[in-house]
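Visitor: I would like a close look at one part of this model, the packing of its helices. Please take me through it slowly, with the residues that do the touching.

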Amino acid sequence: MSFKPQSVYQLLGGEEPLRLLVEAFYDKVEVDPILRPMYPADLVESKRRLFLFLVQFFGGPTRYSEERGHPRLRMRHFPFAIDRQARDHWLEHMCAAIDETGIEEPARSMMREYFDRSSAFLINQSDSSEIED
């Protein structure tokens with residue numbers, strides 16, 4: 001008998017905690033002066049896409065890929081100027097949303113590690129403080 005580790009999706013017990021996570025995260029994005037300009041006026045579609053992506057990435061149904069194809073995170077985020085400050089704001093809000101949603105270990109650490117790595121991967125601009133004269 002082999003042991004198969006549970007996915008984050010299984011650990012969470014399905015989609016509802018991810019739906020709550022996305023709502024808590026976007027509540028913060030909505031009032032963030034750095035991130036808000038990167039999003040459309042109506043956040044409904046952004047919320048839906050993030051939700052579908054997270055469900056799929058963390059081991060649930062593959063509706064995201066069925067609808068949009070491969071996630072291609074860097075390509076999809078390339079049009080946005082993402083510097084370290086924007087990344088740090090994004091990560092701070094996502095980690096706070098994980099805490100607010102009450103996601104418990106081990107899913108909590110697994111998610112935080114993924115968000116830390118993936119948000120760093122999406123940086124595509126230098127901070128103005130990093131540019132030398």
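**Helix against helix**

Guide: Let's start with α2 and α3, which pack at an angle of about 140 degrees with their axes 9 Å apart. Helices here are DSSP runs (H or I, at least four residues), numbered from the N terminus, while axes are lines fitted to C-alpha atoms over the stretch in contact, with angles from 0 to 180 degrees between N-to-C directions. You are looking at a predicted model, where local features need pLDDT of at least 70, side-chain atom pairs count only at pLDDT 80 or more, and totals for chains, interfaces and linings use all residues. Residues are numbered from 1 along each chain as its sequence is written, and side-chain values use heavy atoms, leaving out hydrogens and water.

Because of that angle, α2 counts as oblique to α3 (under 35 degrees is roughly parallel, over 145 roughly antiparallel, 65 to 115 roughly perpendicular, and the rest oblique). The crossing of α2 over α3 is right-handed, meaning that the near helix is turned clockwise from the far one by less than a right angle. On the α2 side, the touching residues are Leu18, Arg19, Leu21, Val22, Glu23, Phe25 and Tyr26. Facing them from α3 are Ser46, Lys47, Leu50, Phe51, Leu54 and Val55, with contact taken as heavy atoms within 4.5 Å. Sorted by class, this contact has nine nonpolar, one polar and three charged residues (nonpolar: Ala, Val, Leu, Ile, Met, Phe, Trp, Tyr, Cys and Pro; charged: Asp, Glu, Lys and Arg; polar: the others, Gly among them).

Now turn to α6 and α7, whose axes come within 10 Å and cross at roughly 165 degrees. That angle makes α6 roughly antiparallel to α7. Their crossing, too, is right-handed. From α6, the contact takes in Arg87, Trp90, Leu91, Met94, Cys95, Ile98 and Asp99; α7 brings Arg108, Met111, Arg112, Phe115, Asp116, Ser119 and Ala120. By class, the α6 and α7 contact holds eight nonpolar, one polar and five charged residues.

The loop between α6 and α7 is worth a visit while you are there, as Pro106 has its place in it. A cis peptide bond, with omega about 0 degrees, joins Glu105 to Pro106. Phi of Arg72 is near 40 degrees, a positive value in a residue other than glycine.

Key:
Helix = DSSP H or I, 4+ residues; strand = E, 2+ residues; numbered from the N terminus.
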